[in-house]
Every structure is written in C-alpha cells, then in structure tokens.
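Dear colleague,

I am passing on the structure below, followed by a short account of what was found in it.

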Amino acid sequence: MPKTTDYVSTLFDNDNNPSKVTIALTMAGKALEKGHSATIILMVDGVRLALPNAFGKIDIGAPFKPAAELLKAFMEKGGQLLVCGACLKHNGIEESAIDERFEIIDAGDVIDLVMTAKGSLQLS
C-alpha cells in the first residue's frame, strides 16, 4: 500500500517524450526540496520507465539534469515512485521485471493518492 503524499505527478510517457519525463522528475524533486512529500505515478506508456535503468538514456540538456540523476536524488530524498499494475499488464511487462525500488499499485490507489494530495501535475 503506497503512503499518502502531498504532491502527485502522473506520467504517461516514457523516453519517447524525454521532456515530460524530465519535468516530472524536476517538479517532484522540487516538492521534496520544499519540504513536501512527493510521488510520481507511471501510467499508460510511462510504465516502460519502470524497467531497470530506463531513465539512464534520458537527458534533454541544460538547464535540466539528466533523468537518472534526478531520479536518484528523488529516491534518496524519500520520493515514492509507483507503477500502474494494469498498465504493466497492458504493455506486456511482467511485474517481476520492474526496478525493485518501485511499487506496483492499482486504480483505486491512484484515485486515493490524487484525491488526498495537496497538489498534482498531470503529464499526459
């Protein structure tokens, strides 16, 4: 069960839209820096980012940091990265294949997190 959070960002894209990935990580990281709890939810095609090292090839350049660096800082500061289980199944990705740092959730969890958050950013 995911923990409640102040800030939620839903991300629907993967490395096919590196700007959205970078913005999601940047904003969630900023929420943590400002003292809020923060969560990123990977949905739709974004679940492909749940595979190990998927963030490693995303770098849109200055003034933004590479996605892998942003993810590392996000996770180290207590950020929560969650993955839609139904979206994994729809995309043919086995739950056992995802990065072990990420948690799989269902639609009810998504609704609960979004409805109880103080703020959100939907990158769809």
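How much space lies in the largest pocket? About 220 Å³ lies there, a pocket being an open set of points on a 1 Å grid over the protein atoms alone, where a 1.4 Å probe fits, with protein on both sides within 12 Å along at least five of seven lines, and the volume being the space filled by probe spheres set on points joined across faces, edges and corners. The elements giving two or more residues to its lining (residues with an atom within 4 Å of a point) are α1 (18-33) and α2 (67-76), with helices (H or I, at least four residues) and strands (E, at least two) taken as DSSP runs numbered from the N terminus. Thr26, Gly29, Glu33, Lys65 and Leu70 lie nearest the centre among the 13 lining residues.

This is a predicted model, in which local features need pLDDT of at least 70 and side-chain atom pairs pLDDT 80 or more, whereas totals for chains, interfaces and linings use all residues. Residues are numbered from 1 along each chain as its sequence is written, and side-chain values use heavy atoms, without hydrogens or water.

Strand β3 (residues 80-84) has five of its five residues buried, that is, under 20% relative accessible area with a 1.4 Å probe, protein chains only. Gln80, Leu82 and Cys84 point one way from β3, and Leu81 and Val83 the other way. Four bridges join β3 in parallel to β2 (residues 38-42), where pairing requires at least two DSSP bridges, and isoleucine 40 stands opposite leucine 81. On the other pairing, β3 and β4 (residues 103-105) run parallel over three bridges, with cysteine 84 partnered by isoleucine 105.

Best regards

Note on methods. Buried < 20%, exposed > 50% of the residue type's maximum accessible area, 1.4 Å probe, protein only.
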